[in-house]
Amino acid sequence: MLRVIVRRLLQLVVTLMALSALIFIWLRNLPGGPVEALLGERATPERRALLTKALGYDQPILVQYGKFMQRVLTGDFGNSIRTGDPVTEVISRAFPATIELALAAMIIAVGLGVPLGYLAARWRGRALDNLTIAGTLLGISIPIFFLGYLLKDVFTQNIHWFPPSGRLTTGLDNTNVTGFFVLDGLLTREFDASADALWHLILPAVTLATIPLAVIVRITRASVLDVLNEDYVRTAEAKGLRHRTIRGRHILRNALLPVVTTIGLQTGALLSGAVLTEKVYNWGGLGTLITDSISGGRDYPVLQAIILLAALVFVVVNLLVDLSYAFIDPRVRVR
Amino acid sequence: MSLLDVRDLSVVFQRRGERPFTAVDKVSFTVEPGQTVGLVGESGCGKSVTSLAIMGLLPKRGNKVTGEVLFEGTDLLRLRPDDLRDRRGREISMIFQDPLSSLNPVIPIGIQVAEVLERHQGRDRKQALRESRDLLDAVGIPDPQRRLSEYPHQISGGMRQRALIAIALACKPRLLIADEPTTALDVTIQAQILTLLKQLVDETGTALVMITHDLGVVAGLCDTVNVLYGGKVVERAPRHELFAHARHPYTHGLLNSVPRLDSPRGERLHAIRGSVADNIPWAEGCAFAPRCDNVVDACLEGPPPLEPTAGGGDLRCNNPVSEEVAVR
């Protein structure tokens with residue numbers, strides 16, 4: 001087991017190195033750039049050359065990359081071109097917001113998706129099943145930004161159930177401990193802040209959850225249908241076991257194996273979905289930061305760091321999924 | 001009163017847009033306490049469906065079960081699902097064909113045995129596991145304490161079937177239904193499992209319904225044998241009677257198709273011509289008629305009734321094999 005983890009971590013390092021090179025080259029080849037953004041279109045060529053030199057962008061790309069990697073290895077991602085703040089600081093402010101949003105979305109997707117998928121399979125061909133299939137199709141097809149604005153319009157403009165944007169009501173003071181506002185409120189016993197953060201969280205989380213929810217419902221349904229036909233479920237019935245024992249111990253435990261894998265793969269969808277969702281709800285997480293950094297003049301240092309971080313999150317989550325697989329399915333352990 | 005009295009049990013599979021298919025057609029048979037009864041026939045003759053119908057394990061939709069299954073006088077088919085659930089695994093148990101797929105791959109063997117005891121005997125986990133170890137020991141699994149925490153893929157096929165037998169017999173049921181319990185096993189293991197089953201039912205007085213296509217299994221175990229063809233019982237006889245004087249051409253053919261070591265070298269094996277798919281609906285005549293060597297006109301005019309024979313059994317045939325013609 002330990003060997004597997006070590007091997008996977010080494011793979012992770014190689015993946016991140018390769019990815020960092022790709023991002024570096026790709027970003028530098030985007031049209032526009034920090035120099036144009038900072039100086040505007042009508043700057044003189046002399047001023048441009050001066051700034052390009054000052055930022056070090058006149059050097060060969062390999063040299064730039066070498067310097068970048070050298071600093072990254074010491075934990076220094078440079079300063080944001082846009083604001084001048086250290087990148088690590090900018091990101092550590094935004095990162096918890098995105099994680100909080102993504103976790104909330106995943107809780108909704110799994111908490112709703114697994115039971116729905118199970119019921120749809122159990123009542124295959126009935127009304128609930130058909131409704132679920134239609135609903136998941138809609139959930140997968142509907143663009144996030146469209147759904148986001150739709151929900152926002154309905155629930156914040158027409159009926160004022162939820163706040164339209166942000167993570168906290170302006171003026172409400174909360175103590176920042178972890179950066180997860182709901183959790184912070186609980187830790188510091190500022191329960192009003194917790195409730196307020198949760199209230200702000202619901203709409204964005206629902207928006208972000210739709211695609212993973214639809215996928216998880218589908219996978220669970222298909223997986224439960226497979227397991228229902230397994231001989232060991234018949235054995236469990238022949239033993240006269242109670243429904244809930246059969247459901248929990250014999251059906252779901254086996255049916256959830258593919259679902260767990262799906263959860264890992266959906267991390268990617270969640271991260272890209274967060275960019276759009278955060279834009280709609282002005283969430284102030286990595287998604288907001290990424291859009292601002294691109295439109296606000298190709299803030300190379302910030303963009304490089306965010307993309308690397310996203311990749312790191314994706315790979316780590318999938319590593320955890322693989323490891324959890326070994327705990328759920330004993331057959332994986334031995335091999 | 002018989003322990004199990006199956007009366008006119010029929011199972012009709014009906015899917016939307018398809019013609020209904022009668023898998024089991026008015027099958028009747030009885031099992032006395034402690035008796036071993038065989039249900040014999042080829043694949044597709046309805047023997048497994050019969051057993052699943054008795055246990056109430058057929059899918060809830062897409063089939064219609066009629067008739068009566070009287071277990072100690074109670075009709076299992078009319079029992080509330082929860083009441084039947086209370087009896088399954090406690091009074092009636094079942095073991096299945098493929099021991100690997102019949103055990104849950106992600107749960108230790110010990111829990112799979114213990115959960116029956118927890119459910120029906122009200123044992124707590126610790127006590128149930130202790131008893132499970134003794135049960136595994138009783139069915140001849142070596143090092144039972146270690147097996148408790150092992151998973152099905154870690155033990156051999158024979159041990160898996162032994163574990164399933166331990167599960168089935170955990171609550172000392174009065175009836176055990178074994179659906180081809182040795183088909184998926186090596187020949188050497190088959191004999192061990194059959195010996196074990198015989199020994200256990202003898203010791204505990206459990207009645208056994210043995211479902212098999214293997215006449216060797218029948219010869220070694222069963223008191224009474226029911227031969228099924230096309231969902232109907234075509235011949236029923238005490239074991240010795242059946243092996244000495246099979247009257248139905250189908251039974252006769254089955255017995256003759258068993259290869260024998262003492263037959264002359266180079267002799268062709270006997271087979272029943274055609275396949276089980278060649279049968280005709282019972283409504284039109286004898287289902288076996290298209291494959292039968294003894295077929296007469298009456299066979300195609302309507303199904304022959306099941307009638308008692310002089311030998312103490314029952315027979316459904318217009319032109320049975322003469323009693324003098326012994327099985328080869």
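This is a predicted model: local features need pLDDT of at least 70, side-chain atom pairs count only at pLDDT 80 or more; totals for chains, interfaces and linings use all residues.
**Entry 1: the annotated span**

I began with the record for chain B. An unreviewed UniProt entry carries the annotation "domain: ABC transporter" for residues 6-255 of chain B. I checked the span in the model. Its end C-alpha atoms lie 26 Å apart.

**Entry 2**

Next I traced the strands. I found an open sheet of eight strands with mixed pairing. Its order is β6-β7-β8-β3-β9-β10-β12-β11 in chain B. I noted the edges as β6 (92-95) and β11 (307-308) of chain B, each of which pairs on one side only.

**Entry 3: strand β8**

I then looked at β8(B), residues 207-212. Is this strand mostly covered or mostly open? I found it mostly covered, with six of its six residues buried. Ala207(B), Val209(B) and Ile211(B) point one way from the strand. Leu208(B), Met210(B) and Thr212(B) point the other way, and these are buried too.

I followed the pairing on β8(B). Strand β3 of chain B, residues 36-40, runs parallel to β8(B) and is joined to it by five bridges. Within that pair, Val40(B) has Thr212(B) as its bridge partner. Strand β7 of chain B, residues 175-179, also runs parallel to β8(B), again with five bridges. There I logged Ile177(B) with Val209(B) as its bridge partner.

**Entry 4: Leu315(B) and strand β12**

I moved to β12(B), residues 314-315, where Leu315(B) sits. Strand β10 of chain B, residues 232-238, runs antiparallel to β12(B), and two bridges join them. One pairing I wrote down is Arg236(B) with Asp314(B) as its bridge partner in β12(B).

Why does Leu315(B) count as buried? It counts as buried because it has 23 C-beta neighbours inside 10 Å, and the cut-off is 20 or more. I listed its contacts, leaving aside neighbours within four places in sequence. They are Glu235(B), Arg247(B), His248(B), Glu307(B), Thr309(B) and Pro320(B). I also took one distance: Leu315(B) and Pro304(B) are eleven residues apart in sequence and 9.2 Å apart in space, C-alpha to C-alpha.

**Entry 5: two domains in chain B**

I looked up the domain division of chain B. Domain 1 covers 4-222 and domain 2 covers 232-315. Their centres, taken over C-alpha atoms, are separated by 28 Å. Twelve residues of domain 1 and ten residues of domain 2 take part in the contact.

On the domain 1 side, the elements giving two or more residues are β2 (21-31) and α9 (215-221) of chain B. β2(B) supplies the largest share, four residues. By class, I recorded seven nonpolar, two polar and three charged residues on this side.

**Entry 6: chain A against chain B**

Last, I turned to the contact of the two chains. How many residues does each chain give? Chain A gives 20 residues and chain B gives 26 residues. On the chain A side, α10 (231-238), α11 (243-281) and α14 (330-334) each supply at least two residues. α10(A) gives the most, with six residues. I classed the residues of the chain A side as five nonpolar, five polar and ten charged.

Definitions and conventions. Residues are numbered from 1 along each chain as its sequence is written. Chains are lettered from A and ligands numbered from 1 in the order in which they are written. UniProt positions are given in the numbering used here, feature names are shortened, and annotations may be inferred rather than shown by experiment. Two residues are in contact if their C-beta atoms, placed from the backbone, lie within 7 Å. Ala, Val, Leu, Ile, Met, Phe, Trp, Tyr, Cys and Pro count as nonpolar, Asp, Glu, Lys and Arg as charged, and the others, Gly among them, as polar. A residue is buried if 20 or more other C-beta atoms lie within 10 Å of its own, exposed if 12 or fewer, and partly exposed in between; C-beta atoms are placed from the backbone. Domain bounds come from an automatic or database domain assignment. Two strands pair if DSSP finds at least two bridges between them.
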